[in-house]
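Have a look at the fold first, then we'll go through the details.

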Amino acid sequence: MIICSLVAGECTTPYQMPDKYSTMYDCLNAGYAESLNKSEEIGKSDVNQHQIYIRFICKEETVIVPPPKPKIET
């Protein structure tokens with residue numbers, strides 16, 4: 001999740017959500033719900049004054065599995 005201000009022309013450092021989601025659908029719904037919670041927490045006045053918007057990205061984590069070590073004959 002990334003919170004940005006059009007007025008300042010800046011964004012916060014991305015925040016990695018602690019939960020992992022098994023589907024894109026679940027991730028999107030959680031992202032929208034958390035964005036709504038955060039905008040309500042910031043408040044209407046500050047959101048309007050600083051033109052705040054919230055971004056998030058749902059993506060699969062890539063797990064890199066190294067190849068097995070070669071067997072050494074003894």
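What share of the contacts in the protein with a separation of 6 or more comes from residues 24 or more positions apart? The answer is 64%, where contact means heavy atoms within 4.5 Å.

## Ground rules

This is a predicted model, so local features need pLDDT of at least 70 and side-chain atom pairs count only at pLDDT 80 or more, while totals for chains, interfaces and linings use all residues. Residues are numbered from 1 along each chain as its sequence is written, and side-chain values use heavy atoms, leaving out hydrogens and water.

## Overall layout

The protein has two helices and three strands, and they come in the order β-β-α-α-β along the sequence. These are DSSP runs numbered from the N terminus: H or I with at least four residues for helices, E with at least two for strands.

Of the 74 residues, 12% are buried. Here buried means under 20% relative accessible area, exposed means over 50%, and partly exposed is in between (1.4 Å probe, protein chains only). The accessible surface comes to about 6700 Å², with carbon and sulfur atoms holding 56% of that; areas come from the Shrake-Rupley method with a 1.4 Å probe, and for residues only the protein chains shown count as cover.

Met24 sits in helix H1, which covers residues 24–42. Together with Leu28 and Tyr32, Met24 makes a nonpolar surface patch of about 310 Å². For a patch, residues need over 30% relative accessible area and no salt bridge, with nonpolar side chains (Val, Leu, Ile, Met, Phe, Trp, Tyr) joined within 5 Å and like charges within 9 Å. A salt bridge, in turn, is a side-chain nitrogen of Lys or Arg within 4 Å of a carboxyl oxygen of Asp or Glu.

Met24 is partly exposed at 48% relative accessibility, and Tyr32 is exposed at 52%.

## One aromatic pair

The structure holds one aromatic pair. Rings of Phe, Tyr and Trp (its six-membered ring) pair if their centres lie within 6.5 Å; planes under 30 degrees apart are stacked, over 60 edge-to-face, the rest tilted.

Tyr32 lies in helix H1 and Phe56 in the segment after strand E3 (52–55), so the pair ties together parts 24 residues apart in sequence. Phe56 is partly exposed, at 23%.

## Ser35, the buried one

Ser35 also lies in helix H1, but is buried at 12% relative accessible area. The Ser35 side chain reaches the backbone oxygen of Gly31 at 2.8 Å. Leaving aside neighbours within four places in sequence, Ser35 is in contact with Met1, Ile54 and Phe56.

Methods. Polar contact = N/O pair within 3.5 Å; in protein donor to acceptor, adjacent residues only side chain to side chain.
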